[in-house]
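Please look through the structure below before reading the notes, and keep the sequence at hand so that each residue can be found as it comes up.

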Amino acid sequence: MTTDTAKEFWRWKEYNWHDSAADPKSAEIITAGVDVGSVSSQAVVLLDGRLYAFASMRTGSNSPDSAKKAMNWALENTGLTIADLQFTVGTGYGRVNVPFANRAITEIACHARGGNFMYGPTVRTILDMGGQDCKAILCDENGKVTNFLMNDKCAAGTGRGMEVFADLLGVPIEEVGELSLDVDEEPPPVSSTCVVFAKSEAASLLREGWSKKRVLASYCSAMAHRVVSLLQRIGVVKDFAITGGIAKNRGVVVRLERELNIKALQSKYDAQIAGALGAALFAKAMVEKQRKAVPQ
Amino acid sequence: MKANYGYTDGSGEFYITIDTDLCVKCSEHWCVDACPVGLFEIIVDDYDDEVAAIKDDHRKKLKYDCAPCKPVSGRPPLPCVQACTLCAITHSW
């Protein structure tokens, strides 16, 4: 029998997708991007620059293995293998450990490029809320980075911090955002300096009789507040978009929008694949560059 | 691009900013030799430009690494800032 204490509330759903209507055999350029993050890994495959397949899964203890698993899962049932990819770019924390990558590019450049693709050329500020760091990126209309700021000093304000809270409160991670918005009055934020302090503060609040929803609201608010200070340092320029796993947490997004007094752009694409998508777009640009250098 | 290397913690903001649009015009790279701690290195960035960057292992301890050049009183000009003839390097603290 599974008890609540044995459940892993932080564990989010892994998924893959491919466009069954597209025919990879007719594509001229097949490129891929792999984003091996500290918490999750994504693989994206493009056919002539159009999104064809992707997968998102947890990063294991071995980066090369995680990269391979993510790519193989993205390619599942497509008829393609890693050998069919003409150029692959690795990005993220484990980018130098992607065995089948032709080049490694930082996730900052990849999120800017991917964000430009997903949200359109009007996007100027991209907030990437990753597993263990948070990046504020300014970019131009081509998705080229013009300024960036990163805070990877601690887990507060990151996906991993949110997982810790989901587990502490016994709330599935996917439900955290909505539950945190279901409060009559916005509680004061918990400590946003350190997730370990925030966790012990939350435990005290629960003992004082706070509801789980109120504690979650307090943590989402703290996370938004922490990220806002990062964004304000760099300066938020419209349009604004959020990438990374936390973009799916409405509790944080709504509070961020409230504090910044700006609406985040929405996209039909999955915000968590932005890094890998940007990497695949870089890969396509490199194939084209190579072709120009060596005429066919 | 303005590349900000550093962090914010409970004691303040510690960032070194390198304007790579200016940095790319320099071929001398005086900053690398000017820093007594050896914080700077020359890298090829994501856009294939050869620019200065802060070494990875120093990025989370800039407050301490830069301390010798930043006495509490009578602060002299910073060697890295002085060495950069294109004024591409700035410190936030």
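Predicted model: local features only at pLDDT ≥ 70, side-chain atom pairs only at ≥ 80, totals over all residues.

For chain B the mean pLDDT is 93, with 100% of its residues reaching 70 or more.

**Domains of chain A**

- The domain assignment divides chain A into domain 1, which covers 4–114 + 273–293, and domain 2, which covers 124–264.
- Between the C-alpha centres of domain 1 and domain 2 of chain A there is a distance of 26 Å.
- Where the two domains of chain A meet, 15 residues of domain 1 are in contact with 24 residues of domain 2.
- On the domain 1 side of this meeting, helix H2 (residues 107–119) of chain A gives the most, with 6 residues, and by class that side of domain 1 has 8 nonpolar, 5 polar and 2 charged residues.

**The sheet with strand E2 of chain A**

- In chain A, 6 strands form an open sheet with mixed pairing, and their order is E1-E4-E3-E2-E5-E6.
- The edges of this sheet are E1 and strand E6 (103–104) of chain A, each of which pairs on one side only.
- Strand E2 (residues 30–36) of chain A pairs with strand E3 (residues 40–47) of chain A, to which it runs antiparallel and is joined by 7 bridges; in this pairing Gly33(A) stands opposite Val44(A).
- E5(A) in turn runs parallel to E6(A) and is joined to it by 2 bridges, with Val89(A) having Arg103(A) as its bridge partner.

**How the side chains of E2 of chain A are placed**

- As a general rule, the side chains of a regular strand alternate between the two faces of the sheet.
- In E2(A), Ile30(A), Ala32(A), Val34(A) and Val36(A) point one way, while Thr31(A), Gly33(A) and Asp35(A) point the other way.
- Is E2(A) mostly covered or mostly uncovered? The strand is mostly covered, with 7 of its 7 residues buried.

**The largest nonpolar core**

- The largest nonpolar core has 111 residues, and those that touch the most other members are Val34(A), Ala43(A), Val44(A), Val45(A), Ala74(A), Tyr219(A) and Ala280(A).
- Helix H6 (residues 212–234) of chain A gives the most to this core, with 11 residues, and the core draws at least three residues from each of domain 1 and domain 2 of chain A.
- Leaving aside neighbours within four places in sequence, Ala74(A) is in contact with several residues, including Asn16(A), Ala53(A), Phe54(A) and Ala55(A) as well as Ala43(A), Val44(A) and Val45(A).
- In soluble globular proteins, nonpolar side chains tend to be buried together.

- Why does His18(A) count as buried? His18(A) counts as buried because 20 C-beta neighbours lie inside 10 Å, and a residue needs 20 or more to be counted in this way.
- His18(A) lies in strand E1 (residues 15–18) of chain A, and apart from neighbours within four places in sequence, His18(A) is in contact with Tyr52(A), Ala53(A), Asn77(A) and Thr78(A).
- Gly159(A), which has its place in helix H3 (residues 159–169) of chain A, counts as buried because it has 28 C-beta neighbours inside 10 Å.
- Not counting residues up to four places away in sequence, Gly159(A) touches Val39(A), Met129(A), Gly130(A), Gly131(A), Gly244(A), Gly245(A) and Ile246(A).

**Contact between chain A and chain B**

- The contact takes 13 residues from chain A and 12 residues from chain B.
- Strand E9 (residues 145–151) of chain A gives the most to the chain A side, with 6 residues, and by class that side has 5 nonpolar, 5 polar and 3 charged residues.
- E9(A) pairs with strand E1 (residues 2–9) of chain B in the parallel sense over 2 bridges, and Phe148(A) stands opposite Ala3(B).

Methods
Residues numbered from 1 in each chain as written. Chains lettered and ligands numbered in written order. Domains from an automatic or database assignment. Contact = placed C-beta atoms within 7 Å. Helix = DSSP H or I, 4+ residues; strand = E, 2+ residues; numbered from the N terminus. Nonpolar A, V, L, I, M, F, W, Y, C, P; charged D, E, K, R; others polar. Buried ≥ 20, exposed ≤ 12 C-beta atoms within 10 Å, placed from the backbone. Pairing = 2+ DSSP bridges. pLDDT = per-residue confidence, 0-100. Core = buried A, V, L, I, M, F, W, Y, C linked by C-beta atoms within 7 Å.
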